[in-house]
Amino acid sequence: MSQYPSIYQRSLRDPAGFWAEQAEALHWERRWDRVLDDSRAPMYRWFAGARFNTCYNALDRHIDSGRADQAALIYDSPVTGTVQTYTYRQLRGRVARFAGVLRAQGVKAGDRVVIYMPMVPEAAIAMLACARIGAVHSVVFGGFAAPELAKRIEDARPVLVVSASCGIEPGRIVEYKPLLDQALKMSAHPVAHCVILQRPQCKAEMQAGRDLDWLEAEAGATPAECVAVAATDPLYVLYTSGTTGKPKGVVRDNGGHAVALAYSMRTVYNTAPGEVYWAASDVGWVVGHSYIVYGPLLAGCTTILYEGKPVGTPDAGAFWRVIQQHQVKTFFTAPTAFRAIKKEDPKGELRARYDLSCLRTLYLAGERCDPDTIEWARAQLKVPVIDNWWQTELGWPAITNPMGIEPYPVKPGSAALPVPGFDVQVLDVDGKRVGADEIGNVAIKLPLPPGTLSTMWGNEQGYIDNYLTRYPGYYLAGDAGYQDADGYFWVMSRIDDIINVAGHRLSTGQMEEVLASHPDVAECAVIGVADALKGQLPVGLVVLKAGVDREPETITRELVARVREQIGAVAALKKVLIVARLPKTRSGKVLRATMRAIADHQPYNVPATIDDPRILEEIAAALAAQE
Ligand code: COA
Ligand code: AMP
């Protein structure tokens with residue numbers, strides 16, 4: 001008999017009872033007064049009144065229950081030729097000492113710490129050290145440039161920043177410290193202390209009185225014990241792209257987050273304590289927070305922190321080497337990584353050199369997974385390939401194949417069924433549920449389960465306006481999709497100006513702001529065009545100011561450089577086209593969706609409200625000329 005439907009229905013019928021049972025798996029300093037506090041609905045809170053420490057549950061609890069000598073974290077770094085294993089005891093030792101460093105610098109419970117780090121164990125150590133003393137971390141992805149880092153520092157207002165001298169990208173060293181120094185100069189918020197990890201590949205210049213050498217400070221530190229905080233207190237703030245240049249600070253609490261992640265490790269990922277779990281992502285993204293650091297450690301698994309790429313470090317067999325060497329049972333990455341491997345090794349010749357019999361399941365998320373990639377991965381690995389849909393805001397999968405309850409048939413292109421706790425619905429413009437196979441807006445009926453965002457940092461109204469107002473009583477996901485007659489969800493695209501480039505979420509509005517700031521640009525639009533490797537790539541279309549007679553190539557080069565300097569290499573805007581005018585409606589709205597359809601060779605209707613239909617032909621010619 002199928003179990004999933006009854007478990008799912010129960011999670012919606014009796015959320016408090018359901019999540020109270022899941023919470024038993026964790027250690028609570030003080031139990032909750034109310035599992036689900038709806039006194040300020042729609043601002044729901046989970047485990048109100050409870051006292052909790054996330055670091056204790058991720059490390060100390062396992063040491064106390066016999067896992068002290070089990071590997072907790074394996075750092076595998078093909079770019080530096082390093083493999084280093086930390087047992088739970090060793091990891092706790094470093095985390096406790098670094099927590100002592102933070103405390104000695106005056107960091108207290110509730111204070112923010114910004115972490116701007118490459119994929120080194122110290123990134124995870126810094127996160128867990130914050131959790132240990134109740135401080136709130138905000139990790140900024142290393143591929144972001146100084147102005148983006150500055151925006152996050154201004155919004156989070158940290159008392160301290162943790163960083164490293166450099167990151168290592170294939171073929172180049174990315175010096176982080178000059179970027180940090182620049183960001184601190186740009187930010188209106190003053191930061192008194194920075195802790196810098198000096199890596200052997202490059203030595204950062206330190207500012208006396210402000211910058212502290214990580215290893216020296218750690219060597220002299222007194223280990224700090226765990227500080228229990230309110231379960232509803234924030235564990236971290238993670239910024240993600242919105243539709244404007246201002247990133248949204250997603251706030252995650254302590255108690256609900258841990259309950260949800262521990263539950264997901266069993267139900268979504270079907271893992272047991274002691275198993276090796278690998279999420280090939282970056283700690284700067286939500287996948288890294290939930291499934292490199294917190295999820296696997298809360299579950300007593302061994303996690304892998306991989307500093308490398310799917311291809312080029314050294315070749316397209318890199319993932320298979322890691323899986324074999326560390327006996328990975330569960331592997332999670334973004335479809336784009338598989339497309340990169342498939343491009344370099346379409347016949348799987350490198351794959352055939354490795355014994356991957358340890359692998360049980362591959363999970364893919366971060367972007368829509370095209371059926372071809374799923375089929376290729378399945379043929380190569382001969383294990384189930386499971387898509388799951390979620391977002392930074394949600395913190396853990398909301399739609400998946402419930403492998404830990406029972407596997408359902410895979411339909412390539414669909415992330416399958418809603419996860420217990422998530423009442424996912426597809427709504428029409430008026431908020432009515434649409435019928436099977438009808439496309440609409442993906443929404444989730446409130447309350448969201450534990451582990452999802454509790455608010456936007458310092459901006460509760462922003463949370464309400466962005467997510468809860470479009471459909472009262474529901475969370476608006478910002479995606480369009482449909483549910484088929486078997487109940488499977490097919491999430492197809494965004495409904496806003498967000499694009500997904502190599503599994504990275506980026507705002508076209510933000511790139512437009514950067515292009516528009518160039519003195520020669522009169523107006524512009526950025527659209528996400530389909531790309532066989534990265535899913536989507538941004539393309540800029542700019543109209544120059546009258547009288548500008550500089551070389552077009554010089555201007556486009558400057559525009560590309562400007563986006564890289566202001567947002568970061570990760571924005572991957574490499575194409576900017578100069579056009580005579582942009583297609584608009586008579587009310588002046590730029591027809592981005594129509595341009596996107598033209599670029600993707602998709603059928604499109606010429607909107608009845610268009611100002612001048614001939615402009616679309618000009619745009620089509622400009623886009624065709626650059627292909
Ligand atoms: N620090 C500094 N720069 C970084 C960086 C970091 N942490 N991460 C990426 N960059 C740079 C890259 O070097 C690249 O620079 P370039 O324009 O000089 O080449 C640029 O940002 C774009 O990076 P990316 O989009 O990752 O493209 P890529 O061509 O380097 O690699 C893939 C393509 C598919 C191999 C890569 O995107 C990948 O591994 N994706 C996995 C998906 C993933 O981890 N998603 C996270 C969510 S699950
Ligand atoms: P992020 O917040 O960076 O995780 O990006 C979330 C967005 O990525 C979602 O809103 C979707 O648009 C897209 N996305 C993530 N996973 C999937 C998936 N499995 N299928 C379709 N779209 C996805």
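**The ligand surroundings**

Modeller: Sorted by class, the shell around ligand 2 holds 3 nonpolar, 5 polar and 6 charged residues (Ala, Val, Leu, Ile, Met, Phe, Trp, Tyr, Cys and Pro count as nonpolar, Asp, Glu, Lys and Arg as charged, and the others, Gly among them, as polar). This is a predicted model, in which local features need pLDDT of at least 70 and side-chain atom pairs count only at pLDDT 80 or more, while totals for chains, interfaces and linings use all residues. Residues are numbered from 1 along each chain as its sequence is written, chains are lettered from A and ligands numbered from 1 in the order in which they are written, and side-chain values use heavy atoms, with hydrogens and water left out.

The shell of ligand 2 consists of 14 residues, of which Asp 387, Asn 388, Thr 392, Arg 494 and Arg 505 come nearest; a residue belongs to such a shell if one of its heavy atoms lies within 4 Å of the molecule. Three of these residues reach oxygen atoms of ligand 2 through an N or O atom of the side chain: Thr 392 at 2.5 Å, Arg 505 at 2.7 Å and Arg 494 at 2.8 Å. Such pairs are polar contacts, meaning N or O atoms within 3.5 Å of each other. Taken alone, ligand 2 exposes 490 Å², and the protein buries 92% of that, with accessible areas coming from the Shrake-Rupley method with a 1.4 Å probe.

Around ligand 1 there are 23 residues, and the closest are Glu 169, Arg 172, Lys 534, Arg 564 and Lys 574. On its own, ligand 1 has 930 Å² of accessible area, of which the protein covers 83%. The class counts for the shell of ligand 1 are 11 nonpolar, 6 polar and 6 charged residues.

Now to the chain around these sites. The protein chain is divided into domain 1 (3-481) and domain 2 (502-625), with bounds that come from an automatic or database domain assignment. Ligand 1 lies between the two domains, because both of them give residues to the shell around it. The centres of domain 1 and domain 2, taken over C-alpha atoms, are 32 Å apart, and 23 residues of domain 1 are in contact with 20 residues of domain 2, where contact means heavy atoms within 4.5 Å.

Methods:
Polar contact = N/O pair within 3.5 Å; in protein donor to acceptor, adjacent residues only side chain to side chain.
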